[in-house]
Number of protein chains: 2
Amino acid sequence: MSEGEVKMKSAARHDRVRQQHSDELAEDYVEAIADLLTKSGQARVIDLQGIFGVSHVSVIRALKRIEERKLIHKTVEGSWRLTETGEAMAKASSERHELVLNFLQALGVSDLQAQVDAEGMEHHLSSETLSSMRRYLDQNQ
Amino acid sequence: MSEGEVKMKSAARHDRVRQQHSDELAEDYVEAIADLLTKSGQARVIDLQGIFGVSHVSVIRALKRIEERKLIHKTVEGSWRLTETGEAMAKASSERHELVLNFLQALGVSDLQAQVDAEGMEHHLSSETLSSMRRYLDQNQ
DNA sequence: CTGTCGATGTAGCATGGGCTACATCTAGAT
DNA sequence: ATCTAGATGTAGCCCATGCTACATCGACAG
Ligand SMILES: [Mn+2]
Ligand SMILES: [Mn+2]
Ligand SMILES: [Mn+2]
Ligand SMILES: [Mn+2]
């Protein structure tokens, strides 16, 4: 492997991380919205403000960007809903989140710390790594 | 645990992820600089441009921000060096990177994919999770 | 009814981190 | 000696994501 090839791979790696970061907010938002809808039937700005710990302004603008990506839309009553695409992303995100959380716990990480670490990690895992985590969980009950 | 406490923890979790993201660039840069210095004795803008796959302008500005954090400084010959703090961060980052990479490989992830996933994950792991990974590696040789 | 307050929205600002285009400077080739 | 190309730096733009301050609007208490 030449010097040039090594550099290429390194650049591609960092490129992928930047892409993951630009997807991260949408993934967390649709997951949170799905969760709110299940638990309380509505997902309002103020609920999301509480979940993410940012100002209501930041929430509103994030929602607008995510709406432009056709993942969510606002009902006349003022609650937010998921489109079909959004629903699919929410389901995938939340299953992935759950898997990562369970994996960390199975590895021996405390519940609280596993929850914290999963929140950041989850956006950087390939399907191959997720499969390996699933396999580990299966092999350890 | 009350509704409010759950919200608080969720907000704190996301807060931590945002903090990790704001540290991420510095961690990767000092690691890359240390690596370049070891391998070739110099760390120039163009080397980092190749590693991260961004324009030289982005590299220059990143370096300036990291310099303001007293992690690096520029020599008269135009190469970049690490301060003591930077050296410490580079050492910690690179050990952590290596650990995460080895852990993923031990878990059964292919070398190439492990390298990609480690690049993003590494910045989101608590010392508790890193310890669990070390333990796993020890128990599996 | 009216006043107040909570939720939402807008205006305007900052910072981080991307980019292209253009300027400069130096070293090496001719 | 001069010309050129590579490395570096600057100017100025973009977008995402945070913020405060201010405006609106609707529901409910009095
Ligand atoms: Mn997350
Ligand atoms: Mn990340
Ligand atoms: Mn790294
Ligand atoms: Mn990294």
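Predicted model: local features only at pLDDT ≥ 70, side-chain atom pairs only at ≥ 80, totals over all residues.

**Exercise 1.** State how many aromatic pairs a search of the whole structure finds, and classify the pair of Y29(A) and F52(A).

Solution. The search, which covers all chains, finds six aromatic pairs. For Y29(A) and F52(A), the ring centres lie 4.3 Å apart and the planes meet at 5°. Since planes under 30 degrees apart count as stacked, this pair is stacked.

**Exercise 2.** Determine which helices of chain A the pair links, and whether its two residues are buried or exposed.

Solution. Y29(A) belongs to helix 1 (residues 3-40) of chain A, whereas F52(A) belongs to helix 2 (residues 45-52) of chain A, so that the pair links distant parts of the chain, 23 residues apart. Y29(A) has 4% relative accessibility and F52(A) has 5%; because buried means under 20%, Y29(A) counts as buried, and F52(A) counts as buried.

**Exercise 3.** Carry out the analysis for Y29(B) and F52(B).

Solution. The centres of these two rings are 4.3 Å apart with 10° between the planes, and the pair is stacked. Y29(B) lies in helix 1 (residues 3-40) of chain B and F52(B) in helix 2 (residues 45-52) of chain B, so the pair ties together parts 23 residues apart in sequence. Y29(B) is buried at a relative accessible area of 4%, and F52(B) is buried at 5%.

**Exercise 4.** Which residues form one aromatic cluster with F103(A)?

Solution. The cluster comprises F103(A) and Y136(A) together with F103(B) and Y136(B).

Conventions:
Residues numbered from 1 in each chain as written. Chains lettered and ligands numbered in written order. Heavy atoms only, no water. Phe/Tyr/Trp six-rings, centres within 6.5 Å; stacked < 30°, edge-to-face > 60°. Helix = DSSP H or I, 4+ residues; strand = E, 2+ residues; numbered from the N terminus. Buried < 20%, exposed > 50% of the residue type's maximum accessible area, 1.4 Å probe, protein only.
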